[in-house]
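Below is a short report on a predicted model. It covers ligand surroundings, aromatic pairs and a few single residues.

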Amino acid sequence: MSLDRFGRNINYLRISLTDRCNLRCVYCMPEDMTFRPRAELLQDDEILRLVRIFAELGFHKFRLTGGEPTVRANVVDIVRGISQTPGVRTVVMTTNGLLLARQAQALADAGLRRVNISIDTVDPEKFRKLTRWGKVEDVWEGIEAAEAAGLEVKLNAVVVRNYNDREDVVQLAALTQKRNWQVRFIEMMPFGDVADFQQAGIVPEAELRATIAEALGPLELLNGGALDGEARLYRLQDGVGRLGFISTVTEPFCAGCTRVRLTADGRLRLCLLRENEVNLLDPLREGASDAEMKALIEEAIWWKPWGHSLDEDVIPLNRVMSEIGG
Ligand code: SAM
Ligand code: SF4
């Protein structure tokens, strides 16, 4: 078990497989983003060694993210390696879905259990604008392929004021009237150079719920308001699926946090919205033993920050989201 000094049991690792992406979502990275040389990123064997070490420290849930995890060469082998590691119970992925039509079955066969697929609007033209060049039809194909492969599907939408905060949110919520999906609305978070844009575009959860209720009828709170992971769940009156709200900025869930992140360049990031990181790549490459790596990780986790201080205007500036792994 890996405890931090506040008594939180940290057992969930999110791994950014690459900082690269086949899209350039406006709230995530600039259009002319420069990526790190591949040699600076964790190699496949380094990822699998770290996963084994984390699993020995009590971690059992692993999420692959990025950048876009499906653009990483050997992603299927990495999934297989992680899911076969003793102690690992769940391997899931966050993806934009563009490549799932080709990869979903192989990923499911390799041990992937669930995909969280990002789709911020069902409107093709708006989708293209938000992602700078994406085709929403490719995402639909990816969603269908994931379901056909037996993967559990959750849909994620980041809400940005004046882009997708009204009819798009309603259309996405309406999907749960027909499909047993969890559609989750994520408050935009501020990072690095684009923090001003992001802060201006935050749409609070209460406003979103009101918009949805006005168009589709009242929302019923589920689980007595207890969080499912980081999401608070609701159902439409005639809904078969569920609506989730992830309100990191306006209603932080730091007390229940169980996660840390591994960046594509091998830093252990202790809180998404804090700059604190510990370099694991260098000791790994300098020949540290498993025992030394474990001691380094345990010490880092002990000092995991309590949470973010966005309300005090403390904004993480050292990285953009795609490098950390959202
Ligand atoms: N490329 C994959 C995808 O888009 O799903 C995985 C990486 S992406 C960084 C992970 C999640 O973070 C996506 O759901 C994305 O919409 C979300 N995201 C990106 N930038 C964000 C921001 N500034 N605030 C909140 N969520 C953000
Ligand atoms: Fe790429 Fe995902 Fe960032 Fe969009 S949110 S640019 S798909 S990493």
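## Ground rules

A polar contact is a pair of N or O atoms within 3.5 Å; within protein, one atom must be able to donate a hydrogen and the other to accept it, and residues adjacent in sequence count only if both atoms are side-chain atoms.

Residues are numbered from 1 along each chain as its sequence is written, while chains are lettered from A and ligands numbered from 1 in the order in which they are written. In this predicted model local features need pLDDT of at least 70, side-chain atom pairs count only at pLDDT 80 or more, and totals for chains, interfaces and linings use all residues; side-chain values use heavy atoms, with hydrogens and water left out.

## Ligand 1: contacts

Tyr27 places a polar side-chain atom 3.1 Å from an oxygen atom of ligand 1. Backbone atoms take part too. A polar backbone atom of Gly67 is 3.0 Å from a nitrogen atom of ligand 1. Thr95 has a backbone N or O atom 3.3 Å from an oxygen atom of the ligand. Taken alone, ligand 1 exposes 540 Å², and the protein buries 95% of that. These areas come from the Shrake-Rupley method with a 1.4 Å probe; for residues, only the protein chains shown count as cover.

## Ligand 1: shell

Ligand 1 is surrounded by 19 residues. A residue counts as near if one of its heavy atoms lies within 4 Å. The closest are Gly67, Glu68, Ser118, Val158 and Met189. By class, the shell has seven nonpolar, 10 polar and two charged residues. Here Ala, Val, Leu, Ile, Met, Phe, Trp, Tyr, Cys and Pro are nonpolar, Asp, Glu, Lys and Arg are charged, and the others, Gly among them, are polar.

Strand 3 (90-95) and strand 5 (152-159) each supply at least two shell residues. Strands (E, at least two residues) and helices (H or I, at least four) are DSSP runs, numbered from the N terminus.

## Ligand 2: shell

Around ligand 2 are Cys21, Leu23, Arg24, Cys25, Cys28, Met29, Gly67 and Asn96. Five are nonpolar, two polar and one charged.

## Aromatic rings

Rings of Phe, Tyr and Trp (its six-membered ring) pair if their centres lie within 6.5 Å; planes under 30 degrees apart are stacked, over 60 edge-to-face, and the rest tilted. The count comes to five aromatic pairs. Phe6 and Trp306 are edge-to-face, 5.2 Å centre to centre with 75° between the planes. Phe6 lies in the segment before strand 1 (12-16) and Trp306 in the loop between helix 10 (290-302) and helix 11 (321-324), so the pair ties together parts 300 residues apart in sequence. Phe6 is partly exposed at 38% relative accessible area, and Trp306 is partly exposed at 41%. Buried means under 20%, exposed over 50%, partly exposed in between (1.4 Å probe, protein chains only).

Phe54 and Phe59 also pair edge-to-face, at 4.9 Å and 80°. Both are buried. Phe185, Tyr234 and Phe245 form one aromatic cluster. The charged end of Lys61 sits over the ring of Tyr12, 4.4 Å from its centre. That requires NZ of Lys or CZ of Arg within 6 Å of the ring centre and within 35 degrees of the ring normal.

Thr70 lies in the loop between strand 2 (61-65) and helix 2 (75-83). Thr70 is buried, at 3% relative accessibility. Its side chain makes a polar contact of 2.6 Å with that of Glu68.

Glu207 belongs to helix 8 (residues 205-216). Glu207 is partly exposed, at 28%. Glu207 and Asp165 are 42 residues apart in sequence and 9.3 Å apart in space, C-alpha to C-alpha.
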